[in-house]
Amino acid sequence: MIKEFAPWQEIWNRVKTTLRQTARVWIPASAIAGSVIGLRTTGIIQPWELSYVDSFFQARPAEPVDDRIVIVGIREAELQQHGWPLNDRTLAALLTQVERAKPRAIGLDIYRDHAVREGNAELERAFQTMPNLIGIQKMPDPESPGVAASPTLKKLGQVGFNNVIFDPDRKIRRAVLYWFENRQKFRSFSMMLALRYLENQGIREEGAPHDAKILKLGKAIFPRFQQNDGVYVNADDGGYQIIANFRGGAGHFRTVMMQDVLDGKVPAEQLRDRIVLIGSLAPSLKDFSATPFSGGFTRTPIEVAGVEIQANFISEILNVALGQRRLLKSWSEPVEYIWIWTWALIGTSVCWRLRSPQRSFLAVVLLGGGLTGICYGLFLAGWIVPFVPAAITLVTSATVVIAAIAHSQEELKRSKEFLSRVINSIPDPVFVKDAEHRWVVLNEAYSKLLGKPLEELIEKSDYEIFPEHEADVFHQQDELVFRYKNELEHEEEFTSTNGVTYHIATKRSLHKDAAGNLFLVGVIRDITQRKTIEEELRRTTEELYQSNVELRLSQDRLNYIANHDALTGLPNRILLYERIKQAIEMTKASNQITALLFLDLDGFKQINDTLGHAIGDLLLQAVARRLSGCLRTSDTVARLGGDEFVVLLPAIPDILTVTQIARKILSRLSQAFAISGQTLLVTTSIGIAIFPEHADDLELLIEKADEAMYHAKRSGKNQFSIADRIPVENHD
């Protein structure tokens with residue numbers, strides 16, 4: 001006989017059945033997900049993933065212009081007028097005009113590693129008198145030897161590097177905040193300008209509380225980009241990078257012409273208290289790069305000027321530091337793997353349930369739309385999640401399952417025909433179920449026992465025919481056979497449509513066809529007469545057992561009454577003495593001590609006399625509960641009578657521990673009691689005796705504790721006293 005499942009086991013089995021479906025669904029789902037994950041780790045699908053992230057950028061609602069940043073653009077007209085590179089006098093005049101407007105920071109996105117024609121002294125003077133001016137340098141990298149900074153600005157510490165990281169498709173999607181070389185840390189151009197702006201808000205560079213190597217600005221943490229973050233695979237994670245959350249494409253920032261600034265045509269209000277970036281917007285200088293907003297599936301590629309890219313980086317740092325925007329983040333790799341596997345499972349499960357190519361195709365289209373919407377919504381919330389791998393697993397798993405279902409249905413038809421011929425030759429009731437617990441073949445004997453025609457039973461389940469409690473048992477036993485693949489015999493009840501309940505023994509086994517379809521075959525025997533005899537014997541045995549139980553309960557109750565206080569339920573003197581003897585024997589065999597605490601309530605008699613015995617009894621019960629709550633489960637609280645209590649502390653390491661417990665008891669009992677709408681205050685006096693220090697037998701130990709209690713009461717109450725000791729501890 002198999003024991004009935006507990007309710008939680010039945011629920012768990014149903015959940016597993018719903019999720020598992022069949023092995024031919026789970027195995028392809030896991031294999032496809034694993035293959036896509038493996039393919040993803042090679043970087044082959046990274047270009048598609050980057051393209052979809054770009055499409056999310058481009059589909060995102062247009063963001064407002066960041067009014068804190070103004071670009072002074074040098075266009076082709078200025079180049080023709082002033083030449084390139086700009087001479088030092090022109091550049092000095094431009095910086096002077098900008099500085100007069102009192103911007104918060106000035107970013108010079110023009111290399112100035114040597115003097116250019118006339119006016120060098122004027123430019124050097126401008127560099128030395130503008131503490132809010134930040135110049136640029138280019139750090140050496142695999143693509144170039146770099147460009148040095150202005151010696152003057154470098155000496156003043158007013159230089160940041162403007163290096164950028166290109167993805168394999170030559171797009172910029174990451175910002176570099178720091179560069180490390182020869183154990184030195186260099187700040188980027190955008191970082192330097194952002195820090196100058198944030199100084200007014202009192203925000204400076206800090207280390208994150210959990211890791212000092214992680215950047216913290218204000219309340220914002222800037223996690224360092226790792227090579228496999230987001231849609232990247234083995235990416236260059238040199239320096240200190242973050243995934244750039246670009247505000248927009250080319251021409252997104254407020255821009256004024258260089259010549260207009262020189263001619264004084266730009267109002268000072270447009271530049272005041274802002275970050276002013278000076279840089280080239282001229283195509284002939286080829287300082288343009290692609291970003292997520294450059295081109296797309298239906299858009300003409302438009303590259304973005306380097307000074308605008310720096311403006312995007314600055315804007316992001318400011319927004320994150322000031323809590324106005326979130327950094328783009330990604331899940332950890334295990335979570336991404338679970339996400340990809342989940343969509344493979346969704347594809348297989350949905351198509352397996354629909355079992356139709358047309359409906360499955362429509363479902364995949366709808367699921368694909370849902371996947372796109374989820375990924376886009378998460379992107380708007382600041383998360384980059386794997387869209388392309390999830391879409392590949394969804395489509396591939398659906399295709400595999402549709403092909404498998406077509407083959408399975410053909411074999412299923414042949415198997416039904418074979419099983420039908422076999423079971424109709426058996427006189428006992430026989431049923432055949434599929435993996436979804438539905439009847440696919442039944443013989444005439446089963447139809448006769450149930451009292452219902454065969455055609456009304458095919459493709460139905462036990463829950464549609466039998467009472468729920470019987471259907472639950474059938475389902476549980478069927479599930480055991482499906483799960484463990486073992487033959488199983490079980491006894492159960494079977495109620496026909498005529499209302500007659502039979503006791504049956506069902507033998508279940510599995511059959512698998514060439515396509516892997518699993519069938520459960522059950523053969524039934526009627527054991528109603530045998531179960532009737534067994535039930536009569538069981539009832540007689542149960543009656544005898546119940547009588548014995550009642551006798552034992554009566555004895556237990558008498559023992560409890562004899563050993564416990566009727567009012568508080570605490571052990572009485574008899575049980576206390578037994579436990580003291582046991583504790584003494586245990587102490588003799590160890591290096592520990594046993595402590596006995598005598599307690600007498602201070603002021604209880606006055607409460608009992610003025611408020612009555614009923615209130616006094618309730619107070620004693622409350623005291624008993626508080627005492628029990630102060631102690632270990634191995635300790636004993638007993639009531640000797642009246643307002644006297646005894647606490648036994650066996651296996652205590654030292655006297656200090658005993659005094660700590662005594663203080664705890666004094667503190668707890670001195671707190672007010674709420675009894676029948678009244679607030680009552682009592683205290684207690686405690687006497688402490690230690691075995692074997694103060695006595696070496698039970699009677700003497702009790703006498704010592706009793707004497708110590710009276711000493712505590714005579715010394716002022718609400719305190720404890722230790723036997724054979726003069727000092728008394730006062731309780732504040």
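The legends below accompany close-up views of a predicted model.

**View 1**
A cis peptide bond joins Trp84 to Pro85, with an omega of about 0°, and Pro85 belongs to the loop that runs between α4 (76-82) and α5 (88-100). The peptide bond from Phe691 to Pro692 is likewise cis, its omega being near 5°. Pro692 is placed in the loop between β27 (683-691) and α21 (698-714).

**View 1. The hairpin of β17 and β18, with His437 between its strands.**
Strands β17 and β18 pair in the antiparallel sense over three bridges, and Trp439, in β18, is the bridge partner of Lys433. Five residues lie between the strands of this hairpin, where His437 takes a positive phi near 65°. That positive value occurs in a residue other than glycine, and the loop that holds His437 lies between β17 (430-433) and β18 (439-442). Is His437 buried or exposed? With a relative accessible area of 6%, His437 is buried, because buried residues are those under 20%.

Arg438 forms a salt bridge with Glu464, and the closest N and O atoms of the pair are 3.0 Å apart. This pair links distant parts of the chain, since Arg438 sits in the loop between β17 and β18 while Glu464 sits in the loop between α14 (444-450) and α15 (468-484), 26 residues apart. Arg438, at 30% relative accessibility, counts as partly exposed, and Glu464 is also partly exposed, with a relative accessible area of 44%.

**View 2. Lys717, a residue other than glycine with a positive phi.**
The phi of Lys717 is near 65°, a positive value in a residue other than glycine. Lys717 lies in the loop between α21 and β28 (719-722), where this residue is partly exposed, with a relative accessible area of 40%.

The buried residues of helix α18, which spans residues 604-611, are Phe604, Ile607 and Asn608. Seen down the axis of α18, these buried residues fall within an arc of 100°, and they therefore line one face of the helix. The partners against which the buried residues of α18 pack are β22 (593-602), α19 (613-629) and β26 (678-680). On the face turned away from the buried side, α18 carries the exposed residues Lys605, Gln606, Asp609 and Thr610. Just after the helix, Gly612 takes a positive phi of about 100°.

Asp609 forms a salt bridge with Lys605, in which the closest N and O atoms are 2.9 Å apart. Why are Asp609 and Lys605 separated by about one helical turn? The two residues are four residues apart in helix α18, and this is why about one helical turn separates them. An α-helix has 3.6 residues a turn, so residues three or four places apart point the same way. Both Asp609 and Lys605 are exposed.

The largest nonpolar core has 77 residues, of which Leu177, Leu217, Phe222, Ile275 and Leu277 touch the most other members. Helix α10 (residues 306-321) supplies the largest share of this core, nine residues. Leaving aside residues up to four places away in sequence, Leu217 touches Met191, Leu195, Leu198, Ile203, Arg204, Glu205, Phe222, Ile317 and Ala321. A second, separate core consists of 37 residues, including Leu619, Leu627, Ile688 and Phe720.

Technical notes: Residues numbered from 1 in each chain as written. Predicted model: local features only at pLDDT ≥ 70, side-chain atom pairs only at ≥ 80, totals over all residues. Heavy atoms only, no water. Buried < 20%, exposed > 50% of the residue type's maximum accessible area, 1.4 Å probe, protein only. Arc of directions from axis to C-beta. Contact = heavy atoms within 4.5 Å. Pairing = 2+ DSSP bridges. Core = buried A, V, L, I, M, F, W, Y, C linked by side-chain atoms within 4.5 Å. Salt bridge = Lys/Arg side-chain N within 4 Å of Asp/Glu carboxyl O.
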